[in-house]
Structures are given as structure tokens and as C-alpha cells.
Amino acid sequence: MDASDSPAADAPDAAGPAGRSPSPETGPATGPARDREHERDRDPDGMLAEQLLRLTRRLHRIQSRQLEPIGITPAQFRLLRTVASYDAAPRMADLAQRLDVVPRAVTTLVDALEASGRVRRAPDPDSRRVVRIRITDEGRATLRSLRNARRAAAEEILAPLTAEQREVLGGLLSALVDGMPERHC
């Protein structure tokens, strides 16, 4: 049995976790708060990953709520943004690869967006077997509305942060995103 296995290892020291003293108003952490502090001490990367997942789910819920009046899902929004990002109309396979999803998922999303008039399928001039996806004027107008909804969702999530904290967070998130290895299916 090493020191970290002993019952004393779970007891908070006088300064509390990470050198923080208990608040005079609330005293030492108890119950779920104490459990979270101990989890953070034992597995800080796991706890950070859990916080990121919780934040992602919260952002998704807020964004879904913002998008609902527009009549579009977050996945459809992502596809619409992706179609608009191409200089020339992309193929379905291009979209599946860019979105890192199976082609069938793209077909379902395109079907819904086409039914609402936001995209249209167009034949490829060089190959009769290839279908290109073009964004329509309605799709562009929807995209403008969606960008406003996305900004409102981000503002709601980021409200507790100062401008300086937002800048630091942006830099940290960029470092994480830019440092991720590419996945190849």
C-alpha cells in the first residue's frame, strides 16, 4: 500500500484541494462538490474532458433552441455552411468527407434541405453519374439568419467571461483544434 492508497490520502489538507482554503462562509466542500474536487485532484485531464463535454452539450442545446424557429437542425446548419464554403458546388462524397460522416447521412441532410428549398441537386457537367449540391438564394438567406442565431448561442455561453478571458479561451481552443491529428476513415 503506497501513500496514495491510504485513507489519509483522501482527506483534505488544511489548505484544501490545489492549495485553496475553504470559504469562511461555506466551510470545507461536502457532498458532490467534495467528490468533484477529489476527482479533479485524481484525474485532472478526465475532469477537463468531462467539463468540455458538458459545455459542448449545453452549447448544442442552446443552439438547437435558437435554430428551431428557423426550422433547421444543427446538422443541417453544418451541412449548409459546408456547401456554402466551397467555391464550386461540391459532390455528395466531398461533403461526406469534409463533415467526416457516412455518405448516407449527407443524403438525408440534403433531402431535408432540398425539400425546404435551401439547396438543390444539380448534374455535374463532366459526368452524368455525379450530382453536385448548390446552395439556393433561400439557403443563403437562411445561412445569414443562422449565423445570427449561432452568435446569440455563443454569447449566452460566453456571458460569464470577460473580453480578456474570451481571448484566452479562443487561443486555447485554437491550440487544441489545430493540434488534433487528422482522422482518415
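R144 is exposed, with a relative accessible area of 52%, where exposed means over 50%, buried under 20% and partly exposed in between, with a 1.4 Å probe and protein chains only. This is a predicted model, in which local features need pLDDT of at least 70 and side-chain atom pairs count only at pLDDT 80 or more, while totals for chains, interfaces and linings use all residues. Residues are numbered from 1 along each chain as its sequence is written, and side-chain values use heavy atoms, with hydrogens and water left out.

**Helix α7**

- R144 lies in helix α7, and helices (H or I, at least four residues) and strands (E, at least two) are DSSP runs numbered from the N terminus.
- On the surface, R144 gathers with R147, R150 and R151 in a patch of positive charge; patches are made of residues with over 30% relative accessible area and no salt bridge, like charges being joined within 9 Å and nonpolar side chains (Val, Leu, Ile, Met, Phe, Trp, Tyr) within 5 Å.
- A salt bridge here is a side-chain nitrogen of Lys or Arg within 4 Å of a carboxyl oxygen of Asp or Glu.
- T142 also has its place in helix α7, which covers residues 137-158, but T142 is buried, with a relative accessible area of 4%.
- Leaving aside residues up to four places away in sequence, T142 touches I70, I72, L80 and R118, a contact being heavy atoms within 4.5 Å.

- The buried residues of α5 are M92, D94, L95, A96 and L99, and what covers them includes α4, α6, β1 (119-123) and β2 (131-135).
- D100 follows α5 and lies in the loop between α5 (92-99) and α6 (103-115).
- The phi of D100 is near 60°, a positive value in a residue other than glycine, and D100 is partly exposed at a relative accessible area of 31%.

**A nonpolar surface patch**

- L48, L52, L173 and L176 form a nonpolar patch on the surface, with about 340 Å² of accessible area together.
- Helices α3 (44-67) and α8 (163-178) are the elements that give two or more residues to this nonpolar patch.
- L52 lies in helix α3 and counts as partly exposed, at 35% relative accessibility.

**Helix α4**

- A75 is found in helix α4, residues 74-85, and is partly exposed, with a relative accessible area of 40%.
- The C-alpha atoms of A75 and S64 are separated by 9.8 Å, and these residues are 11 residues apart along the chain.

Technical notes: Areas by Shrake-Rupley, 256 points an atom, 1.4 Å probe, with all protein chains shown as cover. Lys, Arg positive; Asp, Glu negative; His and termini not counted. Charge placed at Lys NZ, Arg CZ, Asp CG, Glu CD.
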